[in-house]
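My notes follow the display.

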Amino acid sequence: MADDLYDVTIVGGGPVGLFTAFYSGMRNLKTKLLESSGELGGKITQFYPEKTIRDIGGIQAVTGAGLVRALIGQAKTFAPAILCNRHVSGLERMPDGSFLLKTDNGEPHHTKTIILTAGAGIFKPVKLDVKGAERFESGNLYYTIEQLEVFRNKRVVISGGGNAAVDWANELAPVAERVSVIHRRDLFGGFERQVCEMKKLAEVFTPYKIKSLYGEGESIRRVEIEHADTGEMHWLEADAVIVNHGIYGDYGGILNWGLAMQEGRFVVNGAMETNIAGIFAAGDAVTYPHKLKLIAGGFAEGPVAVNSAAKYISPDAELMAMYSTHHERFTK
Ligand SMILES: Cc1cc2nc3c(=O)[nH]c(=O)nc-3n(C[C@H](O)[C@H](O)[C@H](O)COP(=O)(O)OP(=O)(O)OC[C@H]3O[C@@H](n4cnc5c(N)ncnc54)[C@H](O)[C@@H]3O)c2cc1C
């Protein structure tokens, strides 16, 4: 399957990539979708699967997970190849004008056109800005919590003041021996009730930041914290350090493709064409005047990109698919 030549390869399996895969099938194009993570649904799956979405036309209310389920079902209508755990990074133009896309593990994917629906790229945690911190990453320095049990009866230091840091402190307090929260400002994010709860359950140091980490091998044993204004130092014994300093989107190798960018997004025109012939883009990944930064906006851009791809492949192709109400797949 990796070696077959596809008409359209969609990079990113968020809501826009999924709907684009459906529409590409409506146009009878041989379609593949590559998603970097293990799950489809993009930001919805990652950040708000349980929240209710109310601004999709015709759907009064749907949970994030419900919308993703429906989008996956719809995307599969025309049986595209949908592959997860494929992080696209490399690009080569072949002598016949087609593209060779490469995933991080070197897997080749041949395609006539590409539609980038990569959102803001892959989300990565902002790392702790302390010299030598990376050596503890394979030990007891964490950027996310997968299992609370890992911290049972441990002295845990949390660095950060966003709502995730507050939630983690409250969830860990009944499990850990001690939770200390270090934040460089006095104000915390999140609901007031949860911040009050945290101040009861954890020892809170503000405005402080982590200055140094000391330990043996890959294990932190002590954390040195510094007062942001006075420079006063404290020591904390620690069995685990958890950092929540935010996340950032990373396009990785795609940044080397030569695509024009503006304010961190790929520039497209009204046909969703990028500056490279044969590469189109849609959804959160793109910028153009009056861009609508909503799922609904991406649901229009994906089909425009597909139609442009169809014209690129066959200049005589119709500019639009047949209405779904009249499409042979649904009328038979
Ligand atoms: C908390 C929150 C609430 C929101 N609520 C709403 C709302 O109520 N209504 C609304 O309309 N919008 C809402 N949004 C915005 C909405 O989620 C986005 O507009 C939408 O997810 C964009 O879809 P997308 O498919 O373009 O990108 P994304 O959802 O970001 O999906 C991009 C996908 O591409 C993948 N990817 C990235 N790089 C690569 C690569 N190199 N190779 C392979 N795959 C890659 C990513 O893993 C991801 O799965 C909300 C956003 C947030 C954060």
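I began with glutamate 35: an N or O atom in its side chain is 2.7 Å from an oxygen atom of the ligand. I count a polar contact as a pair of N or O atoms within 3.5 Å; within protein, one must be able to donate a hydrogen and the other to accept it, and residues adjacent in sequence count only if both atoms are side-chain atoms. The model is predicted, so local features need pLDDT of at least 70 and side-chain atom pairs pLDDT 80 or more, while totals for chains, interfaces and linings use all residues. Residues are numbered from 1 along each chain as its sequence is written, and side-chain values use heavy atoms, without hydrogens and water.

I looked next at tyrosine 48, which has a polar side-chain atom 2.5 Å from an oxygen atom of the ligand. At valine 88 I found a backbone N or O atom 2.9 Å from a nitrogen atom of the ligand. On its own the ligand has 1000 Å² of accessible area (Shrake-Rupley method, 1.4 Å probe), and the protein covers 83% of this.

Last, I checked the domains, whose bounds come from an automatic or database assignment. Domain 1 is 5-123 + 248-331 and domain 2 is 127-245. Their centres, taken over C-alpha atoms, are 38 Å apart.
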